Amino acid sequence: MIVRVFRYSFAQAKARSMRGKLLSPDDWHYLLRMKGLEDILKYLSGTDYSLVLSRFSGARLEAGAISLALHDDLFAAYAKLLKAVPSKSSHIPRSFLSLYEAENLKTILRGLFQGKAAAYIRSLLYRLGPLSLLPVEDLLEARQVAEAIELLKPSPFHRPLLHALPQFHAQGRLFPLERAIDIAVMENIHESLKFVSGLDRKGVEILTGEWIDLANLSWIVRLRRLYGLSPEETINYTVPGGRYLGLRELGAVARAPDRPSFLSALPHPYDEALGRTEDWEQIQTLLSKWFVGELQKTFSQDPFQIRLALSYLLLKELEVKSLGSLITAVELGEPTGNLVDLISLPVKGGAHV
Amino acid sequence: MFKSEKLVRITIQVPEQFISSATGILARFRLLHLIRIDETHLGRLGYVAETDGGLFKEYEELLNELESLVEILGIRPDGVRLDEEIIPEKDVFKIKEGLGEIRQEVDSALNQREGTELALRNKKSFLERFKLLPDELDLSQLRDLKLVDRMIGLVPAQGLDRLEESLSEVYHAFIDISALQGRAVILVFGLKKDWPVFERALKGALFDPIEIPPQITGTVAEIVAGTQIEIDALEKQAQALARERERLEHRFGRQLLTLRERIIAAQQILSARRHFGKIDKSYIISGWIPDRLFASLQENLLKATVGGVVFEKVAPEDLREVRKGIVNIPILFNNPILISPFEKLTNLYGTPSYREIEPTFFFALSFLLMFGMMFGDVGQGGILFFLGYLVFRRFYKYTDYGIILMECGLSSMLFGFLYGSVFGLDTIVPALWFRPMESIPYFVKVTLTMGAAMVSLGLLLNFINALRLGEYRTLFGASGLAGALIYWMSAGLGIKYILTGRVAPGELSVLGWSAAVLMTIIVLHRPLYRLFIKGEQPEPSIDKGAGLFTELMESVVELLDDLIRFVANTVSFIRLAAFALSHAALFIAVFSVANIVSGEKGTGISYWLVVAAGNIIIILLEGVVVSIQTVRLEYYEFFGKFFRGGGEKFKPFDRETGAEERKL
């Protein structure tokens with residue numbers, strides 16, 4: 001315990017102070033009332049996001065670019081906490097950060113596949129800077145997808161992508177490669193747990209387990225409902241390491257033919273979190289809201305664990321994602337009454353806008 | 001040697017039908033600095049020739065084709081000298097034919113090779129995957145199944161559980177046969193009626209099937225053995241084809257490289273025409289050429305065009321634009337082979353203008369002298385010489401640096417003998433002059449004298465430059481003759497004091513009075529010039545509206561600045577002694593370490609290993625430091641005194657021009 005106190009005292013203090021700068025329910029209350037992007041940006045310029053949004057003063061506002069800028073703040077938070085946490089434990093937040101490397105890699109492969117210019121692809125990438133281990137510039141110079149995969153040799157993405165190549169060639173679409181990347185990064189998160197032990201491991205195992213459950217559920221809903229994939233195929237795109245959802249449960253959920261059977265196939269506590277929801281689209285937000293509650297609980301438990309720093313980063317990520325969704329919805333002219341359904345963080349006054 | 005090559009401006013009028021041969025001759029001459037017509041009066045009036053775009057493109061395509069052949073045959077680039085005249089309009093047919101003949105012969109061998117290599121790759125890949133199956137597995141039996149279907153292939157090992165789960169609702173059988181790089185080789189059986197479920201599940205599991213060609217029968221062991229025999233045969237075939245490629249490389253290598261040179265030369269000629277003028281049916285070519293080559297060029301051109309060209313030759317001094325400074329005359333260095341490598345270092349500082357002294361000779365001599373003084377050691381000098389020789393012989397592009405390194409080595413060896421030092425050992429040869437560590441005060445005096453000599457030489461060259469460029473007024477300035485006289489008198493007395501230890505009061509009094517007179521001249525020369533010499537333009541740095549007092553103040557400040565600089569420049573040469581001493585001190589350090597390592601016995605392998613390593617470090621470290629210091633002394637203390645710069649480099653119309661043009 002004493003050792004953990006020494007190892008995590010700085011990191012937990014840092015994470016707590018950074019948590020204090022997250023948007024409050026009050027902030028969300030006002031943000032949800034904004035009519036245009038200018039208003040949202042004006043409001044955010046009074047928050048911790050002012051620095052990353054300063055480049056937009058006088059510039060043409062575009063939801064994609066703003067969302068990328070907001071992510072810059074998330075990456076800055078990662079950089080700060082990666083320095084603060086013990087080096088062994090840092091593998092865990094680093095593995096979560098590799099989700100964004102995975103996103104960048106998918107964007108690059110998509111761009112190469114569609115024959116887009118390097119400058120255009122570069123403009124769509126998350127700006128991870130020195131946090132990224134991907135050879136981005138070399139990848140952008142590749143002429144073909146297979147050539148780009150060869151450039152990834154030292155990274156954890158190389159082998160899964162190589163294994164997915166035959167299916168990519170057979171299907172003539174990027175989907176198998178994208179799924180291989182997703183699965184690789186999730187397995188990387190699961191693998192990173194081996195770097196911690198004891199209570200530290202137990203705590204973070206619960207968090208990552210729940211996170212993997214949510215990711216699996218989200219994928220199952222999207223692949224089955226949005227892409228119309230068969231249950232057999234969908235099961236193969238899930239990842240192990242969930243807290244409540246083992247392979248058998250995932251199989252049952254993937255095979256559920258309709259929403260009521262999907263909900264009844266869910267184990268506790270997810271069945272409770274989703275209640276009797278009548279909308280597939282709501283599932284993602286409801287699960288995220290439940291997860292936010294779990295993350296908040298971390299701050300009232302034993303703080304000398306990597307779980308605390310990770311909880312803050314995941315909260316920050318959910319905040320950035322919610323802001324991104326809000327901005328996109330406002331740009332598309334969605335009615336303000338619907339916006340609260342996109343936000344997974346607590347809003348003052350609940351759902352009333 | 002002290003002046004750049006004397007140039008004349010020529011203008012040649014060439015009838016249209018002779019332009020190809022005329023350009024070819026000019027390109028071969030390689031000593032014409034082309035004046036771009038578009039930058040001249042004629043060009044501004046629109047009399048500019050155009051390149052034949054179609055022909056240029058044809059050459060571009062031929063070059064691409066040729067490059068691909070060169071790459072396929074693995075021909076290494078080598079210098080090919082082109083002595084024959086290039087006429088782009090005619091040559092294109094010759095090159096096409098030559099290239100076509102080669103292509104025909106190479107293509108058949110090449111197609112065969114590609115086919116063999118592809119077949120070999122496929123067979124090897126098939127064998128690699130097929131070997132993963134059990135030897136005794138009989139494929140004919142698998143093919144005869146009625147109600148059941150099967151698939152053999154690879155899936156990522158971590159995905160096996162998921163695959164099992166995804167098939168849990170249908171009857172199935174799994175055989176996990178072996179593994180390959182994180183993937184499991186599996187044989188899956190299922191009912192034919194359920195097969196669509198299998199296909200979907202296997203798709204999701206990133207299944208990579210091992211295709212079994214329908215004609216293949218027998219056990220895996222038999223098939224593997226048969227495929228291995230096929231691979232052996234294909235490998236033999238590939239080896240034979242590789243030998244054939246070598247034969248073709250040997251046969252066509254030189255020919256292809258020559259053709260490439262011809263294509264590049266033709267493109268160069270075509271693109272250079274953009275810089276020619278054109279009036280009706282005649283081309284106008286204008287440029288600078290060494291005066292000594294004019295007659296020869298004229299003869300060649302007249303011969304090639306049957307007297308069809310018209311020449312105009314003008315000396316630079318007869319050109320109004322040159323006299324007014326509107327047009328720059330390019331500078332073509334004219335130094336002997338041992339000095340010319342230093343032209344690169346002169347150019348790094350700046351390109352001298354056509355009329356001023358070309359300082360490379362002084363630069364080279366003083367560079368070698370100072371380098372030797374600071375790096376004096378027979379052994380290390382020998383190594384530098386050897387390294388320089390290696391660069392000279394092996395690295396074609398860096399021949400100049402090889403020569404500089406060899407000369408530095410020789411200078412270092414000479415001073416090594418003077419200091420009596422061989423790899424830092426002072427017992428091998430006697431010191432012909434003095435040992436630096438034992439005569440430090442003497443060494444400082446020598447370097448100060450050297451500094452005075454270098455500064456004086458700089459002032460003298462400045463004096464000559466001022467006369468050549470007609471800058472007579474600057475002679476009365478602090479950096480001109482007046483300042484130089486003060487410096488020389490002071491330096492003379494200083495040297496006398498160093499040598500004899502005393503200076504007569506009368507001499508000091510003469511120096512004082514002379515300096516006072518000269519300083520008055522320096523301070524007053526500008527305002528007086530302005531008052532009495534009508535039409536004289538003030539220096540660009542001086543505000544035309546500045547009053548007399550301002551000019552006086554500027555002259556005083558300039559005087560003080562220049563006098564301080566004279567002293568500082570001279571004292572700066574003490575670094576010659578300082579770095580020579582640090583060179584010697586490093587040797588002492590190396591030998592001390594060597595003694596400590598070998599237990600103070602001074603013998604043994606470890607002792608000599610440390611000495612050798614120390615010498616290598618000294619050569620690398622001191623070599624760089626001394627070179628930098630020498631260049632610094634040259635640029636700041638020497639060139640700063642007289643160098644005007646602002647000249648234009650002579651760019652001969654040759655291959656290089658062509659390469660630049662092709663980029664444009």
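Let's start with contacts in chain B. Take those between residues at least 6 apart in sequence: 80% join residues at least 24 apart. Two residues are in contact if their C-beta atoms, placed from the backbone, lie within 7 Å.

A word on the model. It is predicted: local features need pLDDT of at least 70, side-chain atom pairs count only at pLDDT 80 or more, and totals for chains, interfaces and linings use all residues. Residues are numbered from 1 along each chain as its sequence is written, with chains lettered from A and ligands numbered from 1 in the order in which they are written.

Chain B has 21 helices and 11 strands. These are DSSP runs, numbered from the N terminus: helices are H or I, at least four residues, and strands are E, at least two. Of its 664 residues, 33% count as buried, with 20 or more other C-beta atoms within 10 Å of their own, C-beta atoms being placed from the backbone.

Now one helix, α19 of chain B. Which residues of α19(B) are buried? Among them are Leu576(B), Phe579(B), His583(B) and Phe587(B). The buried residues pack against α12, α15, α18 and α20 of chain B. After α19(B) comes Gly599(B), with a positive phi near 70°.

Last, the partner chain. 20 residues of chain B are in contact with 20 residues of chain A. On chain B's side, α6 (160-166) and α7 (195-204) each supply at least two residues.

Conventions. Buried ≥ 20, exposed ≤ 12 C-beta atoms within 10 Å, placed from the backbone.
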